[in-house]
Amino acid sequence: MSDKSYDVLVIGAGPGGYVAAIRAAQLGLQTAVVEREHLGGICLNWGCIPTKALLRSAEIYDYMRHAKDYGLSAEKIGFDPAAVVQRSRNVSGRLNGGVAMLLKKNKVDVIWGEAKIAKPGEVVVSKPSKAAMQPQHPVPKGALGEGTYRAKNIVIATGARPRILPGVEPDGKLVWTYFEAMVPPAMPKSLLVIGSGAIGIEFASFYNSMGIDVTVVEIVDQILPVEDAEIAKIARKQLEKHGIKIKTGAKVANLKKNADSVTATIEQGGTKSELTVDRVISAVGVVGNIEGLGLEALGVKTDRGTIVTDGYGKTNIPGIWAIGDVAGPPMLAHKAEHEGAICVEAIKGLHPHPMLKEQIPGCTYCHPQVASVGLTEAKAKAAGLEIKVGRFPFLGNGKAIALGEDQGLVKTIFDAKTGRLLGAHMVGAEVTELIQGFVIAMGLETTEAELIHAVFPHPTLSEMMHESVMDAYGRVIHM
């Protein structure tokens, strides 16, 4: 038994875990975090951050190819796939080191290894069962190791991994998950993406912008299934205009692996067709990492591969908490971070506000970008609400036209009786940066009158937010 005893021990150093650990330390709690692979978790090392670095390279390359549209000239445009990937890895490496620094600064002990909860209040840490994915990220200097550790409160923040479907199992060579898709040894000439959620569409957008022939297959009738149908329709039109082939209401029934290609059998509308591509990306969602933690023996309640919690991260077993992807959808880094802070503040007894999932924004960084918060129009109607809907197109915004990004829409949904903002949905340039304005408005229970009264700067894309609100109430100016 280690002589180390903590107020809070966090299992997993991803966005939820390291934020929970830092916040706990800020509150004066003796804190440690256990990590088996890399500080920053999937988001920082293999998800949110490196994909945005890849997408930025693709965006600049795409602009260069269309330089003449801006009165510019660019000759012999090309790219180095290895350099594009290396830039992405360097970005992750830089931030990984930053997480280590923050933990050290806040006097959080890092325990390197794989954790299992022996009983409430006791965690056994053993040698990791698999090698770190990024050897350039060494074990932090001064990290603790194998042993048994005591903690009054154990916070599970073990994240999630790609979901595997029978018949389309990734092999790391011909059939990829997002891990392999992020570090291709060479660019394929053609690519099939299975799944059109945020992960699938972002990779489809990246590879398409790099000049790859991309086909997306989605089992339901709408791409980006969680988004407002009107927004998803506009996104699809723009993605197809950019050259991405999209098949909805379709499924991949079989994959035949050839020497250096894959032949997919696709079922759509009662008919079957075959498509041969160089590589396949399976992007059919993620599943929580609940295995190997000892949860079943402890009696921790789980549901569909995730841990059941209340709005504060509390499980059904006293002293055991869970946050982030492992605690269920929406599986987003910013949800995990906020959940981590709520959890440790509840442990401290500060009575924080519970997590309100309906106010968590979602962002997809394809081209065009998609962002949303709150109820879609369909869900608002299904809830029996009387609503007012406002829309404003990018075509009517001076800044969008000046940017050469005049395709998109800002859509707002209000409760007709109270003026409460129920949802906001956007597609177009930089909407992932705009959505937070509506997130704050919803959190403050802002009404349409207050949004209309606010002065938005000109010329900005944000003016479309203002105009969309005014449109819902018959006061739109520039349309």
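Tutor: A hairpin of four residues joins strand E12 to strand E13, where a strand is a DSSP run (E) of at least two residues, a helix is a DSSP run (H or I) of at least four residues, and both are numbered from the N terminus. E12 covers residues 250–257 and E13 covers residues 262–268; the two run antiparallel and are joined by seven bridges, whereas pairing asks for at least two DSSP bridges between strands. Within this pair, Leu 255 stands opposite Ala 264 in E13. Strands of a sheet pair through backbone hydrogen bonds, either parallel or antiparallel.

Before going further, note that this is a predicted model, in which local features need pLDDT of at least 70, side-chain atom pairs count only at pLDDT 80 or more, and totals for chains, interfaces and linings use all residues. Residues are numbered from 1 along each chain as its sequence is written, and side-chain values use heavy atoms, with hydrogens and water left out.

Antiparallel pairing is also found in an open sheet of five strands, whose order is E20-E21-E24-E23-E22. Strand E20 (362–364) and strand E22 (387–393) are at its edges with a single partner strand each, so one side of each has no neighbour in the sheet. Inside this sheet, E21 (residues 369–374) and E24 (residues 421–428) pair over six bridges, and Ala 371 stands opposite Met 426 in E24.

Trp 321 counts as buried because its relative accessibility is 7%, and buried means under 20% relative accessible area, exposed over 50% and partly exposed in between, with a 1.4 Å probe and protein chains only. Neighbours within four places in sequence aside, Trp 321 is in contact with residues including Ile 154, Tyr 312, Cys 343 and Ile 347, contact meaning heavy atoms within 4.5 Å. The side chains of Trp 321 and Asn 153 are also joined by a polar contact of 3.1 Å, that is, a pair of N or O atoms within 3.5 Å, of which, within protein, one must be able to donate a hydrogen and the other to accept it, while residues adjacent in sequence count only if both atoms are side-chain atoms. From C-alpha to C-alpha, Trp 321 is 33 Å from Trp 176, and the two are 145 residues apart in sequence.
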